[in-house]
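Open the structure in a viewer and keep the selection panel at hand. The stops below go from the whole chain down to single residues.

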Amino acid sequence: MEHETIETIKKGLGETREHLTQWIEVTPDSKKRVRCGSENAECVEEHLRVIDESLEMLEQGTFGICEVCHEHVDDGLLRMDYTSSVCLSHFTEAELRQLESELELSQIVQRGLLPQTAPDIPGLSIAAFSRPAQHRYRSADLDCCDCFGGPRLRP
Ligand SMILES: [Zn+2]
């Protein structure tokens, strides 16, 4: 596994851990119930437990070791899902098809979240471009949005 992959995953997990821990501490119970929907707030504690396990494995050098062949799991797969514990080559055809359909579904959902047209605001010229975040191992993708000032264009 590349050093860069290890550092990127470690940094991402550390940030996610910090955000979740803060959320647990400062969010009133009533809001936790709304945010977690059909799950209860214990799902956040479970997520933290998985992150802690992964951080411990990163420290011990056992992170990303395949349970089947004991080689390193592909960096790309780990960046997509840091909990991956087997190489893609051990997946059955059905598992590969399921993974593909989950990826397609997530792309459809992500595209659906984007506005289909730029807002029409008098006095503003708006252009949009979207490039999905590359580090998909995070629990929530951190796509960014920026605004840039420019010369005022008059019709
Ligand atoms: Zn393997």
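The tour starts with the chain as a whole, then visits a helix pair, a core and a loop.

**Whole chain**

This is a predicted model, in which local features need pLDDT of at least 70 and side-chain atom pairs count only at pLDDT 80 or more, while totals for chains, interfaces and linings use all residues. Residues are numbered from 1 along each chain as its sequence is written.

Helices (H or I, at least four residues) and strands (E, at least two) are DSSP runs, numbered from the N terminus. Of the 155 residues, 7% count as buried. A residue is buried if 20 or more other C-beta atoms lie within 10 Å of its own, exposed if 12 or fewer, and partly exposed in between, with C-beta atoms placed from the backbone. Among contacts between residues at least 6 apart in sequence, 51% join residues at least 24 apart; a contact means that two C-beta atoms, placed from the backbone, lie within 7 Å.

**Helices H1 and H3**

Select residues 3-26 for H1 and residues 42-60 for H3. At what angle do H1 and H3 pack? The angle is about 150 degrees, and the axes are 10 Å apart. Axes here are lines fitted to C-alpha atoms, for helices over the stretch in contact, and angles run from 0 to 180 degrees between N-to-C directions. H1 and H3 are therefore roughly antiparallel; angles under 35 degrees count as roughly parallel, over 145 as roughly antiparallel, 65 to 115 as roughly perpendicular and the rest as oblique. The crossing of H1 past H3 is left-handed, a term used if the near helix is turned anticlockwise from the far one by less than a right angle (right-handed if clockwise).

Now show side chains at the contact. From H1 come residues including Ile6, Leu13, Arg17 and Trp23, and they belong to a set that meets H3 residues, among them Val44, His47, Ile51 and Leu58. The residues of this contact divide into 10 nonpolar, 4 polar and 2 charged. Ala, Val, Leu, Ile, Met, Phe, Trp, Tyr, Cys and Pro count as nonpolar, Asp, Glu, Lys and Arg as charged, and the others, Gly among them, as polar.

Pick Thr21 in H1. Thr21 is partly exposed, with 13 other C-beta atoms within 10 Å, and its C-alpha is 7.9 Å from that of Leu48, 27 residues along the chain.

Next pick Ile51 in H3. Is Ile51 buried or exposed? Ile51 is buried, because 20 other C-beta atoms lie within 10 Å. Beyond four places in sequence, Ile51 contacts Leu13, Thr16 and Arg17.

**The largest core**

Select Ile9, Leu13, Ile51, Val73, Leu78 and Tyr82, the 6 residues of the largest nonpolar core. Such a core is a set of buried Ala, Val, Leu, Ile, Met, Phe, Trp, Tyr and Cys residues joined through C-beta atoms within 7 Å. Val73 touches Gly64, Cys66, Leu78, Ser84, Val86 and Cys87, leaving out residues up to four places away in sequence.

**Loop between H3 and H4**

Move to His70 in the loop between H3 and H4. His70 is not a glycine, yet its phi is positive, about 65 degrees. With 7 C-beta neighbours inside 10 Å, His70 counts as exposed.

End at His72, in the loop between H3 and helix H4 (75-80). His72 counts as partly exposed, with 15 C-beta neighbours inside 10 Å. Its contacts beyond four places in sequence are Met1, Gly64 and Ile65. His72 and Met1 are 71 residues apart in sequence and 6.3 Å apart in space, C-alpha to C-alpha.
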